[in-house]
Amino acid sequence: MELTSTAALVTGGASGLGAATVAALAARGARVFALDLPHQLEKAERLDGVGYLAADVTDAAQVRAAVEQASAHEPLRTVVNCAGIAPSRRILGRQGVHDAELFAKVVSINLVGTFTVLSLAAEAMAATEADADGQRGVIVNTASVAAFEGQIGQVAYSASKGGVVGMTLPAARDLARHGIRVCTIAPGIVDTPMLATVSEEYRAGLAESVPFPQRLCRPEEYARLVTMIVEHDYLNGETIRMDGALRMAPQ
């Protein structure tokens, strides 16, 4: 699918995986819109030709408004869901029983938020004229290797990302008749701002746990995989692990 003269929407677009994806899609000629929370957008590096939309992925009205703005001039063809949180809490820990509200919040942002963006974006895509191959768009979601090998303290995060993986194939089947593809990327350990606060010793230990290449994944590598999925018309309904053959230990 061609990216030139089309619009793209990236959630969590102010930093990390989202920011790298925004830059990669813009470099390929798409009119890109970075969606994120207002306080995140304030810190975002501004790129020429990129629109910045303040919205909460758990608020359907805000998401609908952002989708309408992103698709106002060019057909919305690409949507990438990068928004998410990853708090750590054991079911039974020093602070007591895992807070049910925290569990619900993680699922609300990571899973329900992804579905909200996916469904409202698909609605906008379905209303566009298909290209010569019958395509109207592609939606790329972000899971995690924690969907398969969740570690101690990741019960909420793993459940939410496992839901994203489980949603991928039925979403692709649901939207096939509209010419919309759906894929998911499950990254391993990525060098994002969330890791910037830990020590170099800890980062080195994380890198050593990856079989090969023995380093942390770079956000630009995630973005490169997104563009490959967009441009590879036969990739659909698939979850792709991007982890250097990493299989997470219990902790």
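The legends below describe close-up views of a predicted model.

Local features are reported at pLDDT of at least 70 and side-chain atom pairs at pLDDT 80 or more, while totals for chains, interfaces and linings use all residues. Residues are numbered from 1 along each chain as its sequence is written, and side-chain values use heavy atoms, with hydrogens and water left out.

**View 1. The open sheet has 7 strands.** Their order is E3-E2-E1-E4-E7-E8-E9, with parallel pairing. Strands (E, at least two residues) and helices (H or I, at least four) are DSSP runs numbered from the N terminus; two strands pair if DSSP finds at least two bridges between them. E3 and strand E9 (239–242) each have a single partner strand and stand at the edges, so one side of each lacks a neighbour in the sheet. On average, neighbouring strands are turned by 20 degrees against each other, direction ignored.

**View 2. The two edge strands are shown with their partners.** Strand E2 (residues 31–36) runs parallel to E3 and is joined to it by 4 bridges. Here aspartate 36 stands opposite alanine 54 in E3. In a regular strand the side chains alternate between the two faces of the sheet. Strand E3 (residues 51–54) has Gly51 and Leu53 on its covered face, and Tyr52 and Ala54 on the uncovered one. Alanine 186 stands opposite arginine 241 in E9.

**View 3. Helix H1 (residues 16–27) crosses helix H7 (residues 219–231).** Their axes come within 8 Å and cross at roughly 50 degrees. Axes are lines fitted to C-alpha atoms, for helices over the stretch in contact, and angles run from 0 to 180 degrees between N-to-C directions. H1 is therefore oblique to H7 (angles under 35 degrees count as roughly parallel, over 145 as roughly antiparallel, 65 to 115 as roughly perpendicular and the rest as oblique). The crossing is right-handed (the near helix is turned clockwise from the far one by less than a right angle). Contact means heavy atoms within 4.5 Å; the residues involved include Leu17, Ala20 and Ala24 of H1, and Tyr222, Ala223 and Val226 of H7. H1 also lies across strand E1 (7–11), E2, strand E4 (76–81), E7 and E8, at about 170 degrees to E1.

**View 4. Helix H4 (residues 100–126) runs alongside helix H5 (residues 155–175).** The axes come within 8 Å and cross at roughly 20 degrees, which means that H4 is roughly parallel to H5. This crossing is right-handed. Among the residues that meet are Phe103, Val107 and Leu118 in H4, and Tyr157, Val164 and Met167 in H5. H5 lies across E7, E8 and E9, running at about 160 degrees to E8.

**View 5. Lysine 161 is found in helix H5.** Its relative accessibility is 5%, so lysine 161 counts as buried (buried is under 20% relative accessible area, exposed over 50%, partly exposed in between, with a 1.4 Å probe and protein chains only). Apart from neighbours within four places in sequence, lysine 161 is in contact with Asn110, Thr142, Ala143, Ser144 and Ala147.

**View 6. Threonine 128 is found in the loop between H4 and strand E7 (137–142).** Threonine 128 counts as buried because its relative accessibility is 17%. With neighbours within four places in sequence left aside, threonine 128 is in contact with Pro75, Leu76, Arg77 and Arg136.
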